[in-house]
Amino acid sequence: MKIGIFLETIANTIIPVGLELIGKTIEMMGDRSYTLHGIIAINKNQNNTLFDKSLKGVESYLDEVFIFEYEDEYLTTDHYREALCEYVENENPKILLLGATPLGRSFGPRVAAHFKTGITADCTEIKYDEKHGLIQIRPAYGEEILAEIVTPKTFPQMSTIRPGVMDPPNLKGNKKAEVTMCKRELLEKKLTILNRHEIKQDTKLDEAKIVVIAGNAIKEIEELDMIKKLAKVLGGEYAVTRPLVEGGLAPYSRQVGVSGTILSASVVLLLGVSGSNQTLSGIRKAKKIISVNNDPEAAIFKKVDIGIVDDWMNIAKIILEKKGEI
Ligand SMILES: Cc1cc2nc3c(=O)[nH]c(=O)nc-3n(C[C@H](O)[C@H](O)[C@H](O)COP(=O)(O)OP(=O)(O)OC[C@H]3O[C@@H](n4cnc5c(N)ncnc54)[C@H](O)[C@@H]3O)c2cc1C
(Lines give C-alpha, C1' and ligand atoms only; values in the text may rest on other atoms or scores of the structure.)
Protein backbone atom coordinates (compact mmCIF):
# COMPACT_ATOMS: atom_id res chain seq x y z
CA MET A 1 0.00 0.00 0.00
CA LYS A 2 1.25 3.48 -0.91
CA ILE A 3 0.70 6.61 1.16
CA GLY A 4 1.44 10.07 -0.28
CA ILE A 5 2.18 13.18 1.75
CA PHE A 6 2.21 16.58 0.05
CA LEU A 7 5.20 18.56 1.33
CA GLU A 8 4.54 22.28 1.04
CA THR A 9 7.50 24.63 0.69
CA ILE A 10 7.74 28.30 1.58
CA ALA A 11 10.93 30.26 0.91
CA ASN A 12 12.76 27.13 -0.24
CA THR A 13 11.97 25.24 2.93
CA ILE A 14 9.57 22.39 3.59
CA ILE A 15 7.17 23.77 6.19
CA PRO A 16 6.82 21.90 9.54
CA VAL A 17 3.39 20.40 8.87
CA GLY A 18 5.06 18.08 6.32
CA LEU A 19 7.17 16.48 9.02
CA GLU A 20 4.16 16.37 11.36
CA LEU A 21 2.21 14.36 8.77
CA ILE A 22 5.17 12.02 8.31
CA GLY A 23 5.42 11.53 12.10
CA LYS A 24 1.71 10.83 12.43
CA THR A 25 1.67 8.39 9.50
CA ILE A 26 4.61 6.41 10.90
CA GLU A 27 2.88 6.21 14.30
CA MET A 28 -0.52 5.41 12.78
CA MET A 29 0.71 2.62 10.49
CA GLY A 30 2.87 0.92 13.14
CA ASP A 31 4.22 -2.44 11.88
CA ARG A 32 1.99 -2.57 8.79
CA SER A 33 3.68 -2.81 5.43
CA TYR A 34 3.41 0.38 3.35
CA THR A 35 5.44 2.68 1.14
CA LEU A 36 5.68 6.35 2.10
CA HIS A 37 5.98 9.01 -0.61
CA GLY A 38 6.59 12.75 -0.42
CA ILE A 39 5.33 15.02 -3.20
CA ILE A 40 6.76 18.48 -3.76
CA ALA A 41 6.06 21.13 -6.41
CA ILE A 42 8.63 23.87 -6.97
CA ASN A 43 9.70 26.40 -9.55
CA LYS A 44 13.07 25.84 -11.15
CA ASN A 45 14.76 28.58 -9.07
CA GLN A 46 13.76 26.88 -5.86
CA ASN A 47 16.08 23.92 -6.28
CA ASN A 48 18.93 25.42 -4.26
CA THR A 49 20.96 24.74 -1.14
CA LEU A 50 18.26 25.67 1.35
CA PHE A 51 15.80 23.40 -0.42
CA ASP A 52 18.32 20.54 -0.50
CA LYS A 53 18.93 20.94 3.24
CA SER A 54 15.21 20.89 3.91
CA LEU A 55 14.83 17.79 1.74
CA LYS A 56 17.52 16.01 3.77
CA GLY A 57 15.34 16.54 6.87
CA VAL A 58 12.58 14.32 5.44
CA GLU A 59 14.44 11.85 3.23
CA SER A 60 15.24 9.40 6.01
CA TYR A 61 11.51 8.77 6.61
CA LEU A 62 10.39 8.37 3.01
CA ASP A 63 10.75 5.68 0.37
CA GLU A 64 10.48 8.06 -2.55
CA VAL A 65 10.14 11.81 -3.14
CA PHE A 66 8.54 13.11 -6.35
CA ILE A 67 9.62 16.66 -7.16
CA PHE A 68 7.55 18.39 -9.83
CA GLU A 69 9.60 21.28 -11.16
CA TYR A 70 7.97 24.03 -13.22
CA GLU A 71 9.53 26.73 -15.40
CA ASP A 72 7.08 29.38 -14.17
CA GLU A 73 8.46 31.74 -11.56
CA TYR A 74 5.33 31.69 -9.42
CA LEU A 75 3.29 28.56 -8.86
CA THR A 76 -0.50 28.73 -8.70
CA THR A 77 -3.09 26.34 -7.32
CA ASP A 78 -3.20 24.74 -10.78
CA HIS A 79 0.49 23.79 -10.68
CA TYR A 80 -0.02 22.00 -7.36
CA ARG A 81 -3.25 20.39 -8.55
CA GLU A 82 -1.71 19.06 -11.75
CA ALA A 83 1.37 17.79 -9.91
CA LEU A 84 -0.63 15.94 -7.29
CA CYS A 85 -3.11 14.55 -9.86
CA GLU A 86 -0.23 13.22 -11.96
CA TYR A 87 1.32 11.63 -8.88
CA VAL A 88 -1.99 9.92 -7.99
CA GLU A 89 -2.53 8.73 -11.56
CA ASN A 90 0.94 7.19 -11.74
CA GLU A 91 1.31 5.80 -8.23
CA ASN A 92 -2.27 5.07 -7.18
CA PRO A 93 -1.78 5.75 -3.44
CA LYS A 94 -4.48 4.52 -1.06
CA ILE A 95 -4.05 7.52 1.26
CA LEU A 96 -3.12 11.12 0.47
CA LEU A 97 -2.45 13.69 3.18
CA LEU A 98 -1.96 17.46 2.98
CA GLY A 99 -1.48 20.21 5.56
CA ALA A 100 -4.61 22.30 6.17
CA THR A 101 -2.71 25.43 5.19
CA PRO A 102 -4.31 28.02 2.88
CA LEU A 103 -2.57 26.22 -0.02
CA GLY A 104 -3.57 22.67 1.03
CA ARG A 105 -7.13 23.82 1.66
CA SER A 106 -7.33 25.42 -1.75
CA PHE A 107 -6.04 22.65 -4.01
CA GLY A 108 -6.63 19.45 -1.97
CA PRO A 109 -10.40 19.49 -2.68
CA ARG A 110 -9.70 20.03 -6.41
CA VAL A 111 -7.57 16.89 -6.49
CA ALA A 112 -10.31 15.01 -4.61
CA ALA A 113 -12.93 16.25 -7.10
CA HIS A 114 -10.74 15.15 -10.01
CA PHE A 115 -10.67 11.57 -8.68
CA LYS A 116 -14.30 11.71 -7.47
CA THR A 117 -13.18 10.77 -3.99
CA GLY A 118 -13.87 12.33 -0.58
CA ILE A 119 -11.68 14.64 1.46
CA THR A 120 -12.08 15.66 5.09
CA ALA A 121 -10.81 19.17 5.72
CA ASP A 122 -9.05 20.33 8.87
CA CYS A 123 -8.61 16.97 10.62
CA THR A 124 -7.15 17.11 14.11
CA GLU A 125 -6.57 13.34 14.28
CA ILE A 126 -6.35 10.39 11.91
CA LYS A 127 -6.46 6.64 12.53
CA TYR A 128 -6.17 3.56 10.36
CA ASP A 129 -7.87 0.21 10.45
CA GLU A 130 -8.06 -2.65 7.99
CA LYS A 131 -11.84 -2.38 7.55
CA HIS A 132 -12.14 1.34 6.75
CA GLY A 133 -8.63 2.39 5.82
CA LEU A 134 -8.08 6.02 6.83
CA ILE A 135 -10.37 7.28 9.59
CA GLN A 136 -10.51 11.05 9.38
CA ILE A 137 -11.34 12.80 12.62
CA ARG A 138 -12.30 16.42 13.04
CA PRO A 139 -14.31 18.57 15.41
CA ALA A 140 -17.87 19.25 14.35
CA TYR A 141 -20.67 21.48 15.67
CA GLY A 142 -18.24 24.04 17.08
CA GLU A 143 -16.00 21.37 18.67
CA GLU A 144 -18.86 19.87 20.64
CA ILE A 145 -18.31 16.46 19.03
CA LEU A 146 -15.47 14.71 17.22
CA ALA A 147 -16.71 13.27 13.93
CA GLU A 148 -15.05 10.14 12.51
CA ILE A 149 -15.36 10.18 8.75
CA VAL A 150 -14.55 7.26 6.44
CA THR A 151 -14.48 7.00 2.66
CA PRO A 152 -14.03 3.23 2.21
CA LYS A 153 -15.17 3.00 -1.41
CA THR A 154 -13.20 5.70 -3.23
CA PHE A 155 -9.47 6.32 -3.38
CA PRO A 156 -7.23 7.95 -2.49
CA GLN A 157 -8.65 8.52 0.97
CA MET A 158 -7.79 12.17 1.55
CA SER A 159 -7.46 14.57 4.48
CA THR A 160 -6.07 17.99 5.11
CA ILE A 161 -4.63 18.13 8.62
CA ARG A 162 -4.23 21.16 10.81
CA PRO A 163 -0.66 22.36 11.27
CA GLY A 164 0.66 22.14 14.82
CA VAL A 165 -1.60 19.37 16.14
CA MET A 166 0.57 16.35 15.34
CA ASP A 167 4.14 15.63 16.33
CA PRO A 168 7.09 15.12 13.98
CA PRO A 169 8.76 11.68 14.14
CA ASN A 170 10.51 11.14 17.49
CA LEU A 171 13.21 8.87 16.05
CA LYS A 172 15.57 9.45 13.15
CA GLY A 173 14.41 7.47 10.13
CA ASN A 174 16.53 4.76 8.55
CA LYS A 175 15.37 5.13 4.95
CA LYS A 176 17.05 6.99 2.10
CA ALA A 177 14.36 8.23 -0.24
CA GLU A 178 14.87 7.86 -3.93
CA VAL A 179 14.34 11.30 -5.49
CA THR A 180 12.44 11.44 -8.80
CA MET A 181 12.58 14.78 -10.63
CA CYS A 182 9.63 15.49 -12.90
CA LYS A 183 10.16 18.59 -15.06
CA ARG A 184 6.76 19.79 -16.15
CA GLU A 185 4.91 22.57 -17.93
CA LEU A 186 1.50 23.59 -16.72
CA LEU A 187 -1.06 22.02 -19.07
CA GLU A 188 -3.99 24.25 -18.25
CA LYS A 189 -2.80 27.81 -17.61
CA LYS A 190 -5.74 29.88 -16.39
CA LEU A 191 -3.76 32.44 -14.45
CA THR A 192 -0.32 34.01 -14.61
CA ILE A 193 1.09 35.64 -11.52
CA LEU A 194 3.21 38.67 -12.48
CA ASN A 195 4.46 39.65 -9.05
CA ARG A 196 3.96 38.70 -5.45
CA HIS A 197 4.22 40.87 -2.30
CA GLU A 198 4.65 39.23 1.05
CA ILE A 199 2.40 40.58 3.81
CA LYS A 200 4.34 40.37 7.03
CA GLN A 201 2.33 38.81 9.85
CA ASP A 202 2.34 40.95 13.00
CA THR A 203 3.04 37.83 15.04
CA LYS A 204 3.89 34.16 14.84
CA LEU A 205 1.70 33.09 17.73
CA ASP A 206 2.16 29.42 16.93
CA GLU A 207 5.90 29.71 17.57
CA ALA A 208 5.76 31.71 20.85
CA LYS A 209 6.98 29.84 23.93
CA ILE A 210 5.04 31.92 26.48
CA VAL A 211 1.54 33.17 25.69
CA VAL A 212 -0.79 35.29 27.83
CA ILE A 213 -4.40 34.89 26.68
CA ALA A 214 -6.96 37.60 27.38
CA GLY A 215 -10.52 36.33 27.72
CA ASN A 216 -13.91 37.97 27.61
CA ALA A 217 -13.40 39.47 31.07
CA ILE A 218 -11.27 42.03 29.26
CA LYS A 219 -13.62 44.65 27.88
CA GLU A 220 -11.54 47.80 27.38
CA ILE A 221 -8.59 48.53 25.15
CA GLU A 222 -6.66 49.88 28.18
CA GLU A 223 -7.10 46.49 29.87
CA LEU A 224 -5.82 44.73 26.78
CA ASP A 225 -2.85 47.12 26.74
CA MET A 226 -2.04 45.93 30.25
CA ILE A 227 -2.10 42.32 29.06
CA LYS A 228 0.14 43.19 26.10
CA LYS A 229 2.60 44.75 28.56
CA LEU A 230 2.39 41.70 30.80
CA ALA A 231 3.13 39.36 27.88
CA LYS A 232 6.09 41.52 26.90
CA VAL A 233 7.69 41.56 30.38
CA LEU A 234 7.24 37.79 30.56
CA GLY A 235 9.08 37.47 27.25
CA GLY A 236 6.05 36.15 25.39
CA GLU A 237 3.17 37.11 23.13
CA TYR A 238 -0.41 38.10 23.91
CA ALA A 239 -3.38 36.30 22.43
CA VAL A 240 -7.14 36.52 22.85
CA THR A 241 -10.27 34.39 22.82
CA ARG A 242 -12.81 34.81 20.04
CA PRO A 243 -15.15 37.32 21.77
CA LEU A 244 -12.34 39.89 21.77
CA VAL A 245 -11.84 39.50 18.04
CA GLU A 246 -15.57 39.71 17.43
CA GLY A 247 -15.72 42.77 19.67
CA GLY A 248 -13.00 44.49 17.62
CA LEU A 249 -10.46 44.64 20.48
CA ALA A 250 -7.86 42.48 18.74
CA PRO A 251 -7.11 41.23 15.21
CA TYR A 252 -7.90 37.68 14.12
CA SER A 253 -4.17 36.89 13.95
CA ARG A 254 -4.21 36.92 17.79
CA GLN A 255 -7.12 34.49 18.22
CA VAL A 256 -6.36 31.16 19.84
CA GLY A 257 -8.53 28.10 19.35
CA VAL A 258 -10.29 25.80 16.97
CA SER A 259 -10.95 28.56 14.47
CA GLY A 260 -7.80 30.49 15.36
CA THR A 261 -4.18 29.56 16.07
CA ILE A 262 -3.06 26.30 17.69
CA LEU A 263 -0.28 27.16 20.13
CA SER A 264 2.91 25.19 20.68
CA ALA A 265 3.86 27.28 23.74
CA SER A 266 5.45 25.81 26.86
CA VAL A 267 3.58 28.13 29.23
CA VAL A 268 0.10 29.58 28.75
CA LEU A 269 -1.44 32.09 31.18
CA LEU A 270 -5.21 32.52 30.77
CA LEU A 271 -6.81 35.66 32.21
CA GLY A 272 -10.60 35.80 32.44
CA VAL A 273 -11.16 32.80 30.16
CA SER A 274 -14.05 30.39 30.91
CA GLY A 275 -12.55 27.29 29.27
CA SER A 276 -14.68 26.50 26.23
CA ASN A 277 -13.68 23.50 24.13
CA GLN A 278 -13.03 25.91 21.29
CA THR A 279 -10.37 27.80 23.27
CA LEU A 280 -8.91 24.65 24.80
CA SER A 281 -8.26 23.00 21.48
CA GLY A 282 -5.78 25.78 20.78
CA ILE A 283 -3.73 25.24 23.95
CA ARG A 284 -3.74 21.46 24.42
CA LYS A 285 -0.07 21.05 23.60
CA ALA A 286 1.11 23.57 26.24
CA LYS A 287 3.26 22.03 28.97
CA LYS A 288 2.03 24.33 31.77
CA ILE A 289 -1.39 25.99 31.79
CA ILE A 290 -2.17 28.62 34.43
CA SER A 291 -5.56 30.25 34.76
CA VAL A 292 -6.89 33.24 36.66
CA ASN A 293 -10.66 33.48 36.95
CA ASN A 294 -12.81 35.12 39.63
CA ASP A 295 -15.41 32.35 39.44
CA PRO A 296 -14.27 29.30 41.46
CA GLU A 297 -16.74 27.15 39.50
CA ALA A 298 -15.34 28.14 36.08
CA ALA A 299 -14.85 25.11 33.80
CA ILE A 300 -11.31 26.17 33.02
CA PHE A 301 -10.13 25.11 36.49
CA LYS A 302 -10.73 21.46 35.58
CA LYS A 303 -8.31 21.70 32.67
CA VAL A 304 -5.30 23.58 34.04
CA ASP A 305 -2.11 22.84 35.99
CA ILE A 306 -2.41 25.88 38.24
CA GLY A 307 -5.69 27.68 38.97
CA ILE A 308 -5.93 31.04 40.76
CA VAL A 309 -9.33 32.33 41.91
CA ASP A 310 -8.99 36.10 41.73
CA ASP A 311 -9.61 39.15 39.63
CA TRP A 312 -7.26 38.91 36.68
CA MET A 313 -6.18 42.50 37.16
CA ASN A 314 -4.89 41.84 40.70
CA ILE A 315 -2.57 39.12 39.39
CA ALA A 316 -1.46 41.18 36.39
CA LYS A 317 -0.61 44.10 38.70
CA ILE A 318 1.41 41.89 41.07
CA ILE A 319 3.53 40.57 38.18
CA LEU A 320 4.01 43.99 36.61
CA GLU A 321 4.97 45.47 40.01
CA LYS A 322 7.50 42.70 40.61
CA LYS A 323 9.00 43.40 37.18
CA GLY A 324 9.20 47.14 38.03
CA GLU A 325 6.70 48.08 35.32
CA ILE A 326 4.24 49.91 37.62
C1 LIG B 1 -17.80 27.33 15.48
C2 LIG B 1 -17.22 28.06 16.66
C3 LIG B 1 -15.86 28.29 16.67
C4 LIG B 1 -15.27 28.95 17.76
N5 LIG B 1 -13.94 29.16 17.76
C6 LIG B 1 -13.36 29.72 18.84
C7 LIG B 1 -11.95 29.87 18.90
O8 LIG B 1 -11.19 29.51 17.97
N9 LIG B 1 -11.42 30.41 20.01
C10 LIG B 1 -12.18 30.84 21.07
O11 LIG B 1 -11.62 31.32 22.06
N12 LIG B 1 -13.52 30.72 21.02
C13 LIG B 1 -14.13 30.19 19.94
N14 LIG B 1 -15.49 30.10 19.90
C15 LIG B 1 -16.27 30.74 20.98
C16 LIG B 1 -16.44 29.86 22.21
O17 LIG B 1 -17.56 29.03 22.06
C18 LIG B 1 -16.62 30.73 23.49
O19 LIG B 1 -17.74 31.57 23.31
C20 LIG B 1 -15.43 31.57 23.82
O21 LIG B 1 -14.26 30.77 23.79
C22 LIG B 1 -15.57 32.18 25.20
O23 LIG B 1 -14.48 33.03 25.42
P24 LIG B 1 -14.06 33.43 26.90
O25 LIG B 1 -13.75 32.23 27.70
O26 LIG B 1 -13.00 34.48 26.76
O27 LIG B 1 -15.36 34.20 27.42
P28 LIG B 1 -16.47 33.80 28.46
O29 LIG B 1 -17.02 32.47 28.23
O30 LIG B 1 -17.43 34.95 28.49
O31 LIG B 1 -15.69 33.75 29.86
C32 LIG B 1 -15.19 34.84 30.52
C33 LIG B 1 -14.68 34.34 31.86
O34 LIG B 1 -14.05 35.42 32.55
C35 LIG B 1 -14.34 35.29 33.94
N36 LIG B 1 -14.23 36.66 34.50
C37 LIG B 1 -15.08 37.69 34.39
N38 LIG B 1 -14.58 38.78 35.02
C39 LIG B 1 -13.38 38.42 35.53
C40 LIG B 1 -12.36 39.10 36.26
N41 LIG B 1 -12.48 40.40 36.56
N42 LIG B 1 -11.27 38.42 36.62
C43 LIG B 1 -11.11 37.09 36.32
N44 LIG B 1 -12.04 36.38 35.62
C45 LIG B 1 -13.16 37.05 35.23
C46 LIG B 1 -15.74 34.72 33.99
O47 LIG B 1 -15.91 34.03 35.22
C48 LIG B 1 -15.73 33.79 32.79
O49 LIG B 1 -15.38 32.46 33.19
C50 LIG B 1 -16.08 29.43 18.83
C51 LIG B 1 -17.45 29.19 18.79
C52 LIG B 1 -18.01 28.52 17.74
C53 LIG B 1 -19.50 28.26 17.74
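**Close-up views of a predicted model**

**View 1. P156 and its cis peptide bond.** P156 sits in the loop between β10 and β11 (157-161). Helices (H or I, at least four residues) and strands (E, at least two) are DSSP runs, numbered from the N terminus. The peptide bond that leads from F155 to P156 is cis. Its omega is near -5°. This is a predicted model, in which local features need pLDDT of at least 70, side-chain atom pairs count only at pLDDT 80 or more, and totals for chains, interfaces and linings use all residues. Residues are numbered from 1 along each chain as its sequence is written.

**View 2. T154 and its contacts.** T154 belongs to the loop between β10 and β11. T154 counts as exposed, with 12 C-beta neighbours inside 10 Å. A residue is buried if 20 or more other C-beta atoms lie within 10 Å of its own, exposed if 12 or fewer, and partly exposed in between, with C-beta atoms placed from the backbone. Leaving aside residues up to four places away in sequence, T154 touches K116, T117 and G118. Touching here means contact: the C-beta atoms of two residues, placed from the backbone, lie within 7 Å. T154 and A112 are 42 residues apart along the chain. Their C-alpha atoms are separated by 9.8 Å.

**View 3. Two positive phi angles.** N92 has a positive phi of about 55°. N92 is not a glycine. The loop between α3 and β6 (95-99) holds N92. With 12 C-beta neighbours inside 10 Å, N92 is exposed. D122 also has a positive phi, near 65°, and is a residue other than glycine. D122 lies in strand β7 (residues 119-123). D122 has 17 C-beta neighbours inside 10 Å, so it counts as partly exposed.

**View 4. Helix α3 against helix α4.** Helix α3 covers residues 77-91, and helix α4 covers residues 102-114. Their axes come within 9 Å and cross at roughly 45°. Axes are lines fitted to C-alpha atoms, for helices over the stretch in contact, and angles run from 0 to 180 degrees between N-to-C directions. The two helices, α3 and α4, are therefore oblique to each other. Angles under 35 degrees count as roughly parallel, over 145 as roughly antiparallel, 65 to 115 as roughly perpendicular and the rest as oblique. The crossing of α3 and α4 is right-handed. A crossing is right-handed if the near helix is turned clockwise from the far one by less than a right angle, and left-handed if anticlockwise. From α3, the contact uses T77, Y80, R81, L84, C85 and V88. From α4, L103, S106, F107, R110, V111 and H114 meet them. By class, the contact of α3 with α4 has seven nonpolar, three polar and two charged residues. Ala, Val, Leu, Ile, Met, Phe, Trp, Tyr, Cys and Pro count as nonpolar, Asp, Glu, Lys and Arg as charged, and the others, Gly among them, as polar.

**View 5. L84 and the nonpolar cores.** The largest nonpolar core has 46 residues. I39, V58 and L84 have the most contacts inside this core. A nonpolar core is a set of buried Ala, Val, Leu, Ile, Met, Phe, Trp, Tyr and Cys residues joined through C-beta atoms within 7 Å. L84 touches F6, I39 and V111, with residues up to four places away in sequence not counted. A second, separate core has 35 residues, including L205, A208, V212 and I289.

**View 6. Helix α5 against helix α8.** The axes of α5 (residues 221-233) and α8 (residues 312-322) come within 10 Å. They cross at roughly 45°. Helices α5 and α8 are therefore oblique to each other. Their crossing is left-handed. On the α5 side, M226, I227, K229, L230 and V233 make the contact. On the α8 side, A316, I319 and L320 do. By class, the contact of α5 with α8 has seven nonpolar residues, no polar ones and one charged.

**View 7. I227 in helix α5.** I227 is part of helix α5. I227 is buried, with 25 other C-beta atoms within 10 Å. I227 touches V212, A214, I218, Y238, L271 and A316, not counting residues up to four places away in sequence. The C-alpha atoms of I227 and E237 are separated by 9.5 Å. These two residues, I227 and E237, are ten residues apart along the chain.

**View 8. Y141 in a loop.** Y141 occupies the loop between β9 (133-140) and β10 (145-150). Y141 is exposed, with 8 other C-beta atoms within 10 Å. The C-alpha atoms of Y141 and Y252 are separated by 21 Å. Along the chain, Y141 and Y252 are 111 residues apart.
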